[in-house]
There are 2 protein chains.
Amino acid sequence: MELTSRQREIFDYIKGFIKERGYPPSVREVGEHFHIYPRAAFDHLRALEKKGYLKRRGSMSRGLEILVFQEVESHGPYRRAGLDEEHLRREGRPWVREIPVVGRVEAGKPTLAVEHVEGTIPLPIEWVKGKEVFLLKVKGESMSPFILPGDYVLVRSQSSAENGDVVVTLVGEEATVKRFYKKGGKIELKPENERWETIQIEEGSREVQILGKVIGVFRKC
Amino acid sequence: MELTSRQREIFDYIKGFIKERGYPPSVREVGEHFHIYPRAAFDHLRALEKKGYLKRRGSMSRGLEILVFQEVESHGPYRRAGLDEEHLRREGRPWVREIPVVGRVEAGKPTLAVEHVEGTIPLPIEWVKGKEVFLLKVKGESMSPFILPGDYVLVRSQSSAENGDVVVTLVGEEATVKRFYKKGGKIELKPENERWETIQIEEGSREVQILGKVIGVFRKC
DNA sequence: AAGTATACTATACATTTGTTTAGTTGTCAA
DNA sequence: TTGACAACTAAACAAATGTATAGTATACTT
């Protein structure tokens with residue numbers, strides 16, 4: 001759902017407030033900033049919550065949480081994540097970039113619907129090269145021991161790949177990490193672990209969709 | 001200034017609360033957790049503030065900020081890296097911590113002489129747990145494919161380890177990554193890759209020195 | 001022996017803050 | 001024209017929360 005211009009103003013103010021001060025504003029602080037009554041501010045917060053931009057922690061003081069971190073109008077009507085330039089300019093120099101951690105990955109062109117962003121993790125920009133990048137927590141053992149369950153893979157969104165690339169693909173409902181090979185008209189998706197099966201598909205098939213290339217692996221032992 | 005054991009308990013509770021929930025507890029929540037009256041909790045908060053462990057944002061609801069993230073009794077005259085508190089307080093909340101990348105690792109107690117630090121890389125604090133932490137670029141294939149050459153391993157400095165830990169050890173002049181096993185009085189350092197040899201030493205031997213435990217792996221593909 | 005710090009009880013006060021009731025005004029679509 | 005929504009005023013309510021008053025008990029320090 002789209003925001004009205006007033007709601008946008010208020011949402012941006014809250015985002016800025018939290019970023020600057022580290023904690024959310026109270027209802028009255030929002031009101032005072034826009035010279036409106038607490039009730040008016042309150043209505044806006046409720047509207048923002050209804051539209052899924054904010055979460056309110058019950059009726060707790062300063063209990064606001066931002067749910068939509070980054071909106072980027074790139075290609076098409078879908079908002080894409082991983083491009084927030086504000087974060088790049090922290091303290092003058094771009095050291096880190098907030099990378100969204102994607103919970104659920106769904107089919108369709110617009111890979112990173114905002115609703116699926118579970119949070120963000122700052123990573124040094126040296127590690128993150130590419131426009132549209134996201135993190136995915138690995139579940140299966142298909143790439144073990146190269147990539148282990150619980151690892152985070154850093155993925156650059158792209159719909160094609162080159163021989164030998166490690167890619168994230170969407171097979172049915174599940175996102176899996178596999179190594180990509182193309183021979184003639186056939187595409188092979190090989191796991192590192194022999195107990196998993198190799199997936200073979202025709203080029204151009206729609207059963208399997210390439211979501212992106214793995215450009216990094218992060219493991220917490 | 002040192003904390004009393006009770007103050008330590010309360011401080012740790014607040015740290016944990018913030019870490020879990022993302023916002024600080026109220027005075028009463030602290031009190032309820034320890035089954036004491038609000039006033040007693042309040043006194044503790046004031047004591048913690050006086051000792052420089054907390055900051056209270058005026059009289060604001062849930063206005064607590066942790067100031068001391070990690071306490072280090074620095075042993076010796078060496079400046080140690082990875083503890084920069086300014087970076088911990090970026091934008092109010094500790095998102096990243098600058099971790100030193102160690103080029104050369106040398107024997108001797110003070111592991112991280114400043115001269116060997118090649119630079120720093122910011123990492124999210126969720127990944128970095130421990131007082132003295134550094135990054136090391138892996139050269140050999142001894143832990144392949146679990147850890148590959150070119151990977152950065154995140155190491156927590158410690159001179160002992162537990163069975164099954166992946167550790168960084170100093171054998172002669174070279175730092176190597178191995179898996180640690182102790183059986184009876186003998187220590188085994190096993191590579192993941194069978195083509196490398198297992199190192200066996202007597203406990204207490206000075207040929208091999210444990211530098212730290214690997215708590216993370218970072219791979220740029 | 002007096003003073004100071006810690007750790008606490010019990011109650012009360014005051015502020016901050018979220019929320020409600022009750023209304024007004026303007027816009028835009030059915 | 002009616003209805004829904006956005007955006008607001010004005011005042012009040014009530015819950016959460018920080019803080020003060022007043023006091024007890026214990027340990028340690030000078």
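A:Lys137, A:Lys220, B:Lys19 and B:Lys129 gather on the surface in a patch of positive charge. Such a patch is made of residues with over 30% relative accessible area and no salt bridge, like charges being joined within 9 Å and nonpolar side chains (Val, Leu, Ile, Met, Phe, Trp, Tyr) within 5 Å. Lys and Arg count as positive, Asp and Glu as negative, while His and the chain ends are not counted. The place of a charge is taken as NZ of Lys, CZ of Arg, CG of Asp or CD of Glu. The model is predicted: local features need pLDDT of at least 70 and side-chain atom pairs count only at pLDDT 80 or more, whereas totals for chains, interfaces and linings use all residues. Residues are numbered from 1 along each chain as its sequence is written, chains are lettered from A and ligands numbered from 1 in the order in which they are written, and side-chain values use heavy atoms, with hydrogens and water left out.

Buried means under 20% relative accessible area, exposed over 50%, and partly exposed in between (1.4 Å probe, protein chains only).

A:Arg62 is found in the loop between strand S1 (54–56) and strand S2 (64–66) of chain A, and it counts as buried because its relative accessibility is 14%. The side chain of A:Arg62 is joined to that of A:Glu29 by a polar contact of 2.7 Å. A polar contact is a pair of N or O atoms within 3.5 Å; within protein, one must be able to donate a hydrogen and the other to accept it, and residues adjacent in sequence count only if both atoms are side-chain atoms. In chain B, the loop between strand S1 (54–56) and strand S2 (64–66) holds B:Arg57. B:Arg57 is buried, with a relative accessible area of 15%, and a polar contact of 3.1 Å joins its side chain to that of B:Glu65.

Side chains of opposite charge can pair when their charged atoms come close. Over all chains, a search of the whole structure finds 22 salt bridges, each being a side-chain nitrogen of Lys or Arg within 4 Å of a carboxyl oxygen of Asp or Glu. In one of them, the closest N and O atoms of A:Asp12 and A:Arg8 are 3.6 Å apart. These two residues are separated by about one helical turn because they stand 4 residues apart in helix H1 (residues 5–21) of chain A. A:Asp12 is partly exposed at 35%, and A:Arg8 is partly exposed at 28% relative accessibility.

Another salt bridge joins B:Glu29 and B:Arg62 (2.7 Å, N to O). This pair links distant parts of the chain, 33 residues apart: B:Glu29 is in helix H2 (residues 27–34) of chain B and B:Arg62 in the loop between S1 and S2 of chain B. Both B:Glu29 and B:Arg62 are buried.

B:Lys182 and B:Glu203 also form a salt bridge, with their closest N and O atoms 3.5 Å apart. B:Lys182 lies in strand S8 (residues 174–183) of chain B and B:Glu203 in the loop between strand S10 (199–202) and strand S11 (208–220) of chain B, so the pair ties together parts that are 21 residues apart in sequence.

Note on methods:
Areas by Shrake-Rupley, 256 points an atom, 1.4 Å probe, with all protein chains shown as cover.
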